[in-house]
Each structure stands twice: as C-alpha cells, then as structure tokens.
Amino acid sequence: MIISTVMACAILVGGFIALVLIRVPVAFALGIATLPIVVLDVRLTPFIVMDRMFQSYNSFILLAVPFFLLAANLMNSGKITDRLIELARVLTGWMPGGLGHVNVAVSMLFAGISGSSTADAAGCGKILIPAMVKEGYDTRFAVAITACSSVMGVIIPPSILMVVWGGVMQISVGALFLAGALPGLLIGLALMGTVYGYAKVYGYPTAGRPDLGEFWRAFKGAALAMLTPMLVIGGIVGGIVTPTESAIIAAAYALFLGMFVYRTVSVRDLGGILYETGRFASISLFAIGTASAFGWMLAFFNVPRLIVDVMTSAHLGPFGTALIIAFLFLFFGLFIDAIPTIIILGTVLMPVAAAADIHPVVFAIIGIVSLAFGLVTPPYGLCLLISAAIGGVNVVQVLRDVVIILIPMLVILILIILFPEMVLWLPKAIMPDSFR
Amino acid sequence: MAVGYILETFCKALRVLLGVLVGSLAIPVAMQVISRYTDLIPVYLWTEELSTFIFVWVVMIGSMVAVWDGTHFDVQVIPDARNPLMLLIQKGVVLVLIAIFALLFAWYGIDYAEFGGIQRSVMMRANLMVTYISVPIAGVVWTVFALYRLYELIAIYRNTKGAEA
Amino acid sequence: QTTLRGASMFDNDHAFTKTMVRFAELVEENYDGEVEFDLRLNGELGVESDYVTYLNQGVAIDYTIMAPSNMARFSPSIPLMDMPFLFRDLDHWNAVLSSDALAPLEAELLETADIVILGYTGGGVRNLVSSEPIANLDELNGHRMRVMGAPIQAQIFAALTAAPSAISYSEVYNAIQTGVIAGFENEAASIQNLKFYEVAPYVTLTRHTITVRPIVMSGKTYRDLPADLQEAVMAAGSEAGAFGRALESGEDGEKLQEMIDAGQVFVNEFEGREALLEMVVPVQDAYAAELGATELLESIRGM
Ligand code: NA
Ligand code: NA
C-alpha cells in the first residue's frame, strides 16, 4: 500500500513517543518508529533506513564532535577543569550563593574553551554538585543550575553546533562564533541573577572572599587554559584551519597542557580518555543516524513542505516568524539531539527565515540558542540527564527548578529576536567582509 | 557463565579498538593541516576519505559497546517497576524491541554490505565494503548483546522468585 | 498506472528542475498510456550522491539528473565525460552529446551501477573562482585551490602547477573566507546560489569544463516499464537533454553577467589559455589509458 502524509506522520511521531515512554533508548526509538512505514509502504524498504543512517556518518563536519569532546575530556582528566573552577571561585565566589555563581562562571570559562555542553555538565558537575550539596544547597537546585549553565557551551564560541550549522547552511562559522559571544554572556548574567535570587530566598552562603595571593594563583593557574579560545577562534579567523579542523587544534592544545605543562595526564590515562571520548561521542552520533532516517521519512511524506507552506502563507513578519522558528527548535529539542535537528529542521526553515527578512546569522543564533535549551528540557535533554545522574536524583524531581532557571534565559532569547543587532554587531565589527 | 565471560572479553576488545580508532582519527586530519602549511608531507587528497572511514567505525563500534553497557540514553518518564515481574516485562520489552531492530540490521545488512562491495571510494579506490560491512556486524553484535542481557534479566527474575519460595 | 518519481536538489527555477519537468511533459506526449510524475525538489530526499544509491537499489526515486563524478564509486570511467579541457567549445560539446560517442560509458554504467542514461543535459561552464585575481600561469603557480573529489581533477590542476587541496565542499565558503584556500573552480549558477562571490569575487575565464549532466533512470525501474513506455522515456530523455543544454548554457552566461552587473564578481581572461590545453594532454592520455578508454578519448577529440 501507499501511505498518506497524515498516516505516516501519526505512525512516525506517535510510534516514537510511545517507544520513548516505555523507555526504549531514544536512538533506537527513532529507528524502530520508521520500521512500520518501510514494511507498509510498497515504495520503501529497510535498505533506506540503513542507508540514511549510514550516510549521515559519512560527513566530514561531524568529525568536529569527537575532537571537541576529546578536548573537553582532556581538560576534565587533566585537572584543567579544577583550575578553571578555582578561577571562577576567586572571581564570583564572594557573592551570596557563591558556589552557584562559581558553577555559572566556570561554565562560561569552559564554554570559551570547549565546543561541548555535555562535557561541561559532566566535568564541572562531578566536582561542583557534591560540593554544593555539602555546603547545604538543595540537590535539585545544584543539579538544575549545573545543567542550565552548561548550555552556554554551545552558545559561547567555539561551538560544535555552529561548526555544523555553518557547514550545512554555508554561513561563515567565524561570524557565527562572534555572533554567539554576546548572547552567551547575557545568558550567563541572567543565570547569575537567578542564583542571586535563590541565595536570597534560601539563604545560601558565599564561598569566601579571596585575598590577592589567591587571586594571583588562580589567574596564573588557569592562564594557559584560557588561551584555547584565542587559538581556536584565531585559527579560524586567521585562516590557518577550517572550522572542523579547529576542533583538533583545541584537542591538541589540551593534550599538550595535560601531558607536558601540567603533567596531569599520563600516556596510560590517554588510552582511557580516548576510549571515553569515543564511547560518549558515538552514543550521540549514533542517534544522529537514526534521526536522519526518521527525518528523511518525514520529508518523503512531505511533512516539512507542509510546515513551510503554512508558515510562509501566514505572512507573520520577521518577529512572528522568528518566534515560531524559536518555538519549533525548542519543540524539536524536547525529543532529539541538536545536530539532527539542524539537519532536519534548520534546512527546512532557512527559506522561511529568508522570506521573512531574518539575517542568516541571526536565524542561526536563534536556532542554536533554542536548541541549546533543548539540552536541559526533558524528555531528551542530555545535560539534564547527566547532571541528574551525578546528583543521584530523578529528572522529574528537578523539573521545577529547571523551569525557574530557564525563564530568564528565555527572556534573553526573546531579546535576541526583538533586537537582532545584539547578535550582529560583533561579527559586523570584526568581520565586515561577511556582511557585504 | 562462560557465554557472559566470552561476551565481556569481546566487548573489552571492542573498547580497546574504539580508543585506538579515536586516536588514529587525528592522524589524517592532522596530515591535512600539516601538508597545507609545510613541505614535510605532500598534499594527500585521500585524508578526508580515510578520516570518514575511521569515523564510521567509531560510531558503529561505540553503538555496540553502548548496547552491552546499556548506556544508550533513554528517557525516564516511567520509573523502574518495584514488582520483579513488572520489572522483567518493562526491561524485557525494551530489549526485545532492540533485538528486533538489530536482527533486521543483521539480515538486511548483508545485502547492504554487498552493495558496498560493488563500490569503490573515489580517491583511494578502496572497496567500500570496508565500511559498509560495519552495518551487518553491528546488527549481529547488537542482537547477541541484547539477547544476552535479556537472558540475564530472566535469570535474575528466576532467582528472586526462587528466593521468595 | 505508473508513477515515476524524480528528485532535484534545487527549486523550480533551476535548469535541472525545468529539464525534468520538460522530460515529464515529453513522456506524456509520446506515450499513449497513463503515466504520472512526482518530482521532489529542494533536496528533500537527499543530495546527488544519495540519489545514486537510490537509483542503484531501485528505491525512493526513479529518475534524476546528476553530475558524473557522483557515480564514480560504481563506475570509475564515468567522470571522463566531463573531465577538464575535454571539449574545445560549446559546439564541440553539443556535437559529442548529440552523438552516441559516449555509448561505452553508458554500457559500463548500466553494468556496474544498474543506471540507465536517458539523455545529456548540462552546459555550465566552470571557471576558476578566487579571492585574488589570477591572470596568468605565473599567478596560477602554487595557487591553493579546492578541487572536486576525483583523482583526475586533482591531476589536471596539479599539471597546471596549481596546488589542489582536499577540502570538503561544505567547508569551501569558510575555507576561502579565512584563507585556508585561495579559491576553487565552479560554474556561475553555484557561485550565485551559494554566494561564493562574497568571499571569492574573481572569476578567471579558464572555461576548463563544460559540464555534462546525464539524465538517469534506475535500471530496475526501466526494465519494469512496458516496452512502449521505455521507448517514450528514451526519446523524451534525449529531447529533454537538448532542451536542457540550450537552457543551461544560455543561463550560465546570463548568470555570470548578472553577477558582473551587480558588482559581485570581477571577470578576467586567462593570459595564454592555449598553453593550458597542451599541459593537460599527457594527464588526460594517462587517465584514459588507465581506464582502457584511449579509443573513446581519441574519438571525442576527433569530433
Ligand atoms: Na563553547
Ligand atoms: Na555549570
């Protein structure tokens, strides 16, 4: 038989949600949901599911994923993360809710070095969640702030998502990196505001006032690590490496620091770090494959075209269109990883954004920020899952705090939509060539 | 528990291989950068091809290990059942579904590998079965891993029932 | 009743899409029975390298238009049909494509990939595109440029003393902008669609390639068609091909002119282009010999 669009949509989306509810792993749920379709529709065979999965791994851009993750893991294993936490502590720990601010600040520092949010949640969370609980913070708050602050990892440059976005949609990755800086900092400030509010309501302590010696030691300790963003962004803007290759620069530098400067990583450790990187990267990359197959099925049954038709015929103007774009990315982000969403949804919405006169760089940042929020929204929010696992609590228990922390972050997203110049001024100032 | 021991050993080998592959992934990409800026090595056009070959295997082997370890991410909307029988059903259904998907991969993957076998990569002229074969292999390994975990689950259930009686 | 599904990576305005629409009209005119067409646009079903797979397996789509290099995984000789400096000019190109000179390549493709060639469109002229002007051989010497992923492409440009580079197509824009490479080579439509002129505004008229883009059908689909529909499809393929060639070679010049008028690109001739033609002959000969296609190459050159 030949399946109609409505029926295909019902089987795919309904099947996927049902499978996720009975706790089939998301990567498999995406793949299994396509099976009824290939069995029922005479025009399709299981071949197409395998091929769409397999070919999605045949992508040079995705190589950035393991390398950025490797850089982050090297930082975590090489105790570079500890130095960043120390720096964050002397900078922000003296405020009420000290460790909460440290948690946010270290994520900003970490984000400037790594392109990965999950590694931030794992690496910093492992140290800060127990420390916060010990100092009397509510575990749920500790988990929620760790998860929410880690999303800056993909907003503040460098960013895996921006490398993929720029490659898939032919936009300057350098411009995207620069465009992400200010929104990332604002989100950091919003988070610190929230921490301050929590500290006032629940009477959370400071983390002590550092003296000048501590200040100096913390700066010295983290200085070399803080050079990484210069290397990565400098490498791209300066024309030494392509964005995908820049990930390997970050990894090589972290390796150099860990093995030769700080001497915290031995050759033996390196094997474990490489394995851990491969293990974690392949779990999310594998899901990209099944998500691609799933997305292809939706496209085969004309679902994206329907979405675009509805949106373009509504003539919503730039603000309305941008709101709906953000909503769609947020919604997709509830269920699947950011990278497959970029591939499935980003490419579909690009003409919609162009028709509404939204600048491609602004469109990208709206998409990436919305997708970053998806990292902490259940059912599928990797950073939330990781942080909750570290804190030993269920995702459902921390939901209330996540929502409270997300609200000011959502305000920043709306500000970006209202004032796109916020996003554009930095790349315009530094890379005017991209805006000819 | 000989089967369990063999499978655990096999998975250990997969883990080592995974680490080695991630490390070697850096080589072709680094060569690409080095060849562009120095005369140490000539410009090889096959570096991109080789890196995607290794990449495919990293993903596939990683997915196998994650089935054995049970670390593919799921969404804990429903908490673990308290009743042993319910727990068996809850976890068993998931494993059975994974095994079905895996079996299809193993079965249709054979054709897929053959389809790779009639292609050659453009730069290295390598028979593409070298990567396509990872599909049926992954299918077989997922199947074996998932079924063994199912067997373990049933054994645990029997033990708790035996303890109650 | 038969439904034939086609796929295009582009929108309604692109020459490939128009050619495939024309193809459908021609089949409907030539054929007495019922046949329907479902053409999927904008890369909904993937990119050209995916379409090859679909055609070989007879799934998802039945026909499309694509670059020969995408079929090289199955059939190593196929990129020969539009290798650089193969055609002297548009007339030579048109003469070859209107003849059955490429029949040996068609036979190889059918055997190795189970893909039937119905006709030939194309007509984009590929030139050097770069961030700095390249006026002559001196400036081409050591020029870091991205080439397509087939060995013959790299060999030809290496023979011209340029420095071919391995960069994924999806990274070309960023790589030129940042100076990782200084340029690449492509036709006007691509420069315009993907806004490559933003980073590489200099177009050097080497006219090294006039593109050949076969209209192809899955062998599995083709064999399942009734005999009279097979005939109609073949006839429509070669006629739509001629239509597409006229359309695209005309549009190519127009697009280049549009970009010149808009001040997006600066066009210059290549001093001593004739020298290039001689420099590439040994590479072309060796390539054809390796593929056992010396005779074919000679016959194309002799037309
Ligand atoms: Na970052
Ligand atoms: Na944090």
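Leaving aside its neighbours within four places in sequence, which residues is C:Thr221 in contact with? They are C:Leu4 and C:Asp62, where contact means heavy atoms within 4.5 Å. The model is predicted, so that local features need pLDDT of at least 70 and side-chain atom pairs count only at pLDDT 80 or more, whereas totals for chains, interfaces and linings use all residues. Residues are numbered from 1 along each chain as its sequence is written, chains are lettered from A and ligands numbered from 1 in the order in which they are written, and side-chain values use heavy atoms, with hydrogens and water left out.

**C:Thr221**

- C:Thr221 is found in helix H9 (residues 219–224) of chain C; helices (H or I, at least four residues) and strands (E, at least two) are DSSP runs, numbered from the N terminus.
- The relative accessible area of C:Thr221 is 10%, and the residue is buried, a term that means under 20% relative accessible area, with exposed over 50% and partly exposed in between (1.4 Å probe, protein chains only).
- Between C:Thr221 and C:Gly179, which are 42 residues apart along the chain, the C-alpha atoms are separated by 46 Å.

**Chain C as a whole**

- Chain C has 12 helices and nine strands, and its radius of gyration of 19 Å is close to the 19 Å that the globule rule gives for 303 residues, so chain C is as compact as a globular protein of that length.
- The radius of gyration is taken over C-alpha atoms, and the globule rule is 2.2 Å times the number of residues to the power 0.38.
- Taken along the principal axes, the C-alpha atoms of chain C fill a box of roughly 60 × 40 × 30 Å, and 59% of its 303 residues count as buried.
- Among the contacts in chain C with a separation of 6 or more, 75% are accounted for by residues 24 or more positions apart.

**Chain B as a whole**

- Chain B comes to five helices and zero strands, which read along the sequence as α-α-α-α-α.
- The radius of gyration of chain B is 21 Å, whereas a compact globule of 165 residues would have one near 15 Å, and the C-alpha trace spans about 75 × 35 × 30 Å along its principal axes.
- Of the 165 residues of chain B, 48% count as buried, and residues 24 or more positions apart account for 69% of its contacts with a separation of 6 or more.

**Sodium ion (ligand 2)**

- The protein donors of the sodium ion (ligand 2) are A:Asn103 (O), A:Asn103 (OD1), A:Ser107 (OG) and A:Ser149 (OG), which lie 2.1 to 2.8 Å from it and follow the spacing N-x3-S-x41-S along the chain.
- A:Asn103 lies in helix H6 (residues 98–113) of chain A and A:Ser149 in helix H8 (residues 139–150) of chain A, so this pair ties together parts that are 46 residues apart in sequence.
- Both A:Asn103 and A:Ser149 are buried.
- Donors are N, O and S atoms within 2.8 Å of the metal (3.2 Å for Na, K and Ca), and since water is not among the atoms, sites may look incomplete.

**Second largest pocket**

- The second largest pocket has a volume of about 1200 Å³ and is lined by 47 residues, of which B:Asp69, B:Gly70, B:Thr71, B:His72 and B:Phe73 lie nearest its centre.
- On a 1 Å grid over the protein atoms alone, a pocket is an open set of points with protein on both sides within 12 Å along at least five of seven lines, a cavity is a set where a 1.4 Å probe fits but cannot get out, and lining residues have an atom within 4 Å of a point.
- Grid points are joined across faces, edges and corners, and a volume is the space filled by probe spheres set on the points.
- H7(A) supplies the largest share of this pocket's lining, six residues.
- By class, the pocket lining has 24 nonpolar, 12 polar and 11 charged residues, where Ala, Val, Leu, Ile, Met, Phe, Trp, Tyr, Cys and Pro count as nonpolar, Asp, Glu, Lys and Arg as charged, and the others, Gly among them, as polar.

**Cavities**

- Eight cavities of 30 Å³ or more are found in a search of the whole structure, and the largest cavity has a volume of about 270 Å³.
- The largest cavity is lined by 19 residues, of which A:Thr118, A:Ile160, A:Ser284, A:Asp337 and A:Ile339 are the closest to its centre.
- H14(A) gives the most to the lining of the largest cavity, with four residues, and this lining divides into 13 nonpolar, five polar and one charged.
- The second largest cavity has a volume of about 60 Å³, and the residues lining it include A:Asp337, A:Gly374 and A:Tyr380.
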